[in-house]
Amino acid sequence: MKVTFAKPEVPTQGAYIVGVMEGRKLTAAATQAEKATKGAISRSLNASRFKGGHDEQLLILAPQGLEVSRLILAGLGNPAKLDGFAVEAIGGRLIAALNGAGEREATIAVEALAGCPLNEAEIAARLATGARLRAYRFDKYRTKEKPEHKPTLKKLTITLGDPNAAKKAFDPLDKIADSVMMTRNLVSEPANVIYPATLAKEAATLAELGVKIEVLGEKEMKKLGMGALLGVGQGSERESQLVTMQWNGASDSKAKPICFVGKGVTFDTGGISIKPAAGMEDMKWDMGGSGVVIGLMRALAARKAKVNAVGVIGLVENMPSGTAQRPGDIVTSMSGQTIEVLNTDAEGRLVLADALWYAQENFRPKAIVDLATLTGAIMVALGTDHAGLFSNDDTLSDQLVAAGKATGELLWRMPLAPSYDRLIDSPAADMKNIGGRYGGSITAAQFLQRFIQKGTPWAHLDIAGVTWSEKDKPTTPKGATAFGVRLLEQLVAREYEDK
């Protein structure tokens with residue numbers, strides 16, 4: 001789908017979308033269309049329940065007086081409450097409706113709205129962003145899909161007074177959208193296509209944007225003492241990898257970076273503590289955290305963010321075999337701390353333990369954020385609308401929550417406390433990799449905190465419930481969500497980037 005911006009003009013083909021505010025108040029474009037159709041909009045409004053809410057649409061087919069195939073009234077709600085996220089949702093819903101109707105091209109009329117915190121160009125850019133995000137489909141392996149099931153929209157034109165201003169506002173958002181698509185693609189790929197070596201190669205493509213890439217194999221990791229990460233992958237024929245991605249865009253090239261660490265279990269059988277067969281196919285996206293870090297680093301490099309940032313991803317495949325890690329094994333992490341592995345399906349925290357330590361030892365970050373599809377327990381606690389947030393720093397936590405609200409990628413802070421930490425004490429080693437029956441997401445976070453060096457602000461995002469969606473959402477079709485890319489890009493832009 002191609003998105004363009006143009007001067008205001010009523011189209012002569014395709015669909016035409018005009019706005020209607022809360023209380024059925026028509027925008028100027030809608031008023032013009034009302035006159036052209038000799039009152040068709042008023043008649044349709046009177047015959048409907050449409051009130052102009054931001055999640056409403058009203059369709060008028062083949063409107064007399066216009067040469068378009070359909071006229072769509074898009075509800076805008078109260079302009080004073082119309083933020084960027086809400087506008088993106090409107091754009092996403094429109095694209096879903098247009099593809100569902102089989103339209104090939106459409107025009108959206110945008111204009112300044114009194115009381116709206118966004119100007120005309122920002123509204124246009126956000127509509128375009130929402131449209132792009134919702135138009136995503138992972139159909140690489142579809143060969144026999146019926147034509148009526150395929151998306152049809154090829155061209156979207158957004159009209160406004162200053163198209164150049166809209167293009168300028170859309171450019172960085174468009175680059176971020178590209179990065180979201182990359183993450184969604186990586187998370188959607190099957191495990192026979194994406195495994196540690198191939199995921200490392202995907203990360204390495206960021207070198208084209210100026211990102212410095214380093215890939216460590218098992219030999220190098222063994223020398224570094226990464227027994228926790230290597231233990232997870234020892235049952236697989238696929239070699240484990242550790243990838244670092246560095247973007248130095250700050251005015252001070254030697255300034256401490258902000259660091260992002262991602263869990264990259266490209267397939268998780270559970271190992272010897274094997275998972276049930278039902279639903280195991282979903283474990284292709286247990287590398288979601290690493291996919292987000294790759295997409296984030298791409299976004300920062302693509303828009304040339306004025307920040308020093310580092311992404312570190314630990315990539316393994318957790319398989320049962322004659323060489324697999326056993327319950328009861330004790331491994332030594334890069335930090336020197338020992339871990340009794342009571343459950344080989346609690347493997348993500350082992351990968352992150354070494355990746356977190358490596359990131360701190362090599363980059364001395366000003367702050368560190370890790371992401372992982374870590375526990376089913378977080379889904380029991382929070383469902384699929386919020387990711388779990390754990391942090392040792394109130395400021396970093398507040399910054400993340402604010403960035404989440406700005407992008408619609410919502411976080412809910414969970415507790416950390418010594419009483420939970422004691423639940424992972426082991427009689428045989430420094431710690432065990434699981435706690436008791438209760439508070440599983442908390443004890444997992446307590447485990448990770450043991451690998452955070454004193455004085456380092458740290459946050460852990462448990463994204464198990466938000467990495468994959470079982471239903472369509474306004475800007476996210478069913479499937480891989482890339483939750484975290486926009487959230488963390490917003491965090492960097494707001495708090496860490498040179499002003």
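In this predicted model, Asp-329 pairs with Arg-326 in a salt bridge whose closest N and O atoms lie 3.3 Å apart. Arg-326, at 46% relative accessibility, counts as partly exposed.

A further pair is formed by Arg-450 and Asp-425, whose side chains meet in a salt bridge with an N to O distance of 2.7 Å. Arg-450 belongs to the loop between helix H14 (440-449) and strand E18 (458-462), while Asp-425 sits in the loop between helix H13 (418-421) and strand E17 (431-432), so this contact ties together parts that are 25 residues apart in sequence. Arg-450 is buried, at a relative accessible area of 18%, whereas Asp-425 is partly exposed, at 38%.

The salt bridge between the side chains of Arg-303 and Glu-489 has an N to O distance of 2.6 Å. Here Arg-303 is found in the loop between helix H9 (288-302) and strand E11 (308-318), and Glu-489 is part of helix H15 (residues 485-496); the pair therefore ties together parts that are 186 residues apart in sequence. Both Arg-303 and Glu-489 are buried.

Salt bridges also join residues into a network, in which Glu-88, Arg-126 and Arg-486 are linked. With the criterion of a side-chain nitrogen of Lys or Arg within 4 Å of a carboxyl oxygen of Asp or Glu, the count for the model comes to 20 salt bridges.

Methods
Residues numbered from 1 in each chain as written. Predicted model: local features only at pLDDT ≥ 70, side-chain atom pairs only at ≥ 80, totals over all residues. Heavy atoms only, no water. Helix = DSSP H or I, 4+ residues; strand = E, 2+ residues; numbered from the N terminus. Buried < 20%, exposed > 50% of the residue type's maximum accessible area, 1.4 Å probe, protein only.
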